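The sequence and the structure follow.

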Amino acid sequence: MTARLATARLLAAASLLALALAGCQDGSGINGPSARSIAPIAPQTLALMQTKGMQQSDPILIRAYKKEAEMEVWKRGGDGRYALLKTYPICRWSGQLGPKVREGDRQAPEGFYTITPGLMNPNSSYYLSFDTGFPNAVDRANGRTGKYLMVHGTCSSAGCFAMTDATIAEIYAVAREAFIGGQRSFQFQSYPFRMTAQNMAKFRNDPNMPFWQNLKEGSDYFEALREEPKVGQCGTKYVFGGSDAAAGACKPRVDPVVAEKREHDEREVAELVAKGTPAVRVVYQDGGQNPVFRPPANTSAFASLGGTETVLPYDAKEFGRHNLGDVSRPETLAAGPQEIEIDPKVQPTMMAAAVPAKATAKAGRGQKPAATTLMANRTDPDLRVETTASVGQKPARIAVADADGDPSSYQKLMGSLFDKEKPTPATPAVDATVVPEPVKLAHAAEPLAPKAAAKPHAVKTAKVEPKADPKLVLRKGEPEAKAKP
């Protein structure tokens, strides 16, 4: 009965808010929350909660991983520790692995964000959505720009995490019930990949590694303690821990259990490097998609994820039947990601398993081999990904929109409210120019070479012709440039 009364109060408050704003709607058509935004949690998910000893009203925390294209919803128990409720496949994300740098780069954000009720959009053009809150204090300290980066329905992304309509409906409902239960905000953790020792060794020479090491500090805290890390800011970096981190301490106390995990991972990274684990970088034409959405949907499609689990955390057949809507840039998904081996002593080379047949074919006598071009990651314009091109033909440029996920009329209307509800970042206790030392990976056989990691002998990109491949150009009027999340 208590939950029903709370729901009734929520709906009443939303209706009053809609009436109060009716005079400045400017034809937006907002008449209160949509019916889909108040739909109950699916019975099978409620049953799953019961088997795990969870309640609808329990607080939540969400974690997202680009490379694996997965999103996890966690719930906090009475002991204060979080347990995994469910893992969902991400239908579409855009850009490359790495943080969002500037508006229009199509990058989905990476970092730690706070989601308040004001960031939930019950009238999204993309079914339902919530704003990640980008940019946060650390993003702003790094000069990163962009807005309206969402988690929403419909598999179209221009810097967002796009789920299917059915998936965002469930995530939205779970979050809504947590808010009704008293949670004032939930943490959204966004990562380039799972922060395992294997991945840290594999991507050790990527130019983004210092930033990813910083993210791993927060990941280690959560995974070691199963508690939500308090997040602070020191200069251009995150600091994680307890109340001292939230207060802005640049060197907060590290729990012994967290320190032990970090030391264990660093030893494992050193062992993997010593055994000859190649340093690589994964480059996408424009983001990725969980293989469960690629027909035919079967377990063999998950081999590329590099996981050790034999049982999928979700039903491939179930998600294979989901309506995907208008999938953005499907031609960029067909090629799949390319792994580039980064050797500090030589220029980047394609790993044998990922080299296209055309690129490896020997040229005839007196004939130049097919030209290849590496497509830029926005944070490292000198590194490019291979695509075949005719001899003497300059590569086509992929045009990029000058905006991220556009705001819906609801977001424009509620913009001032969003700003009020965003948490004020903690003021560092020390000079903001002082930053903590990054986590050092104990590489026994191959120490990190900063200069090589920043620009691993990449060939400079030749000036391109202004004409672009019409299939790859983001034309005015495409869903991500026109539709509003």
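## A buried aspartate

D105 counts as buried, because its relative accessibility is 4% and the cut-off for that class is under 20%. The model under discussion is a predicted one, and in it D105 is placed in the loop that runs between β4 (92-93) and β5 (111-115).

Which backbone nitrogen does the side chain of D105 reach at 3.0 Å? The side chain of D105 reaches the backbone nitrogen of R102 at that distance, and a polar atom of the D105 side chain also lies 3.0 Å from the backbone nitrogen of Q107. Both separations fall within the 3.5 Å limit that applies to a pair of N or O atoms in a polar contact.

## Disulfides in the chain

When the whole structure is searched, two disulfides are found. A disulfide is a covalent bond that joins the sulfur atoms of two cysteines. With the bonded cysteines counted along the chain, the disulfides of the protein chain follow the pattern 1-2, 3-4.

## The link between C91 and C155

C91 and C155 form a disulfide in which the sulfur atoms are 1.8 Å apart. The torsion about the S-S bond of this pair is about 100°, and the disulfide is therefore right-handed. Because C91 sits in the loop between β3 (82-89) and β4, while C155 sits in the loop between β8 (150-152) and β9 (161-162), the pair ties together parts that are 64 residues apart in sequence.

## The link between C234 and C250

C234 is joined to C250 by a disulfide with an S to S distance of 1.8 Å, and the link is right-handed, with 90° about the S-S bond. The pair connects distant parts of the chain, since C234 belongs to strand β11 (residues 230-234) and C250 to the loop between α7 (243-246) and α8 (256-274), the two being 16 residues apart.

C234 counts as buried at 0% relative accessibility. For C250 the relative accessibility is 11%, and C250 therefore also counts as buried, given that the class takes in values under 20%.

## A further cysteine

C160 has a relative accessibility of 2%, and so C160 counts as buried.

Note on methods:
Residues numbered from 1 in each chain as written. Predicted model: local features only at pLDDT ≥ 70, side-chain atom pairs only at ≥ 80, totals over all residues. Heavy atoms only, no water. Helix = DSSP H or I, 4+ residues; strand = E, 2+ residues; numbered from the N terminus. Buried < 20%, exposed > 50% of the residue type's maximum accessible area, 1.4 Å probe, protein only. Polar contact = N/O pair within 3.5 Å; in protein donor to acceptor, adjacent residues only side chain to side chain. Disulfide = S-S within 2.5 Å.
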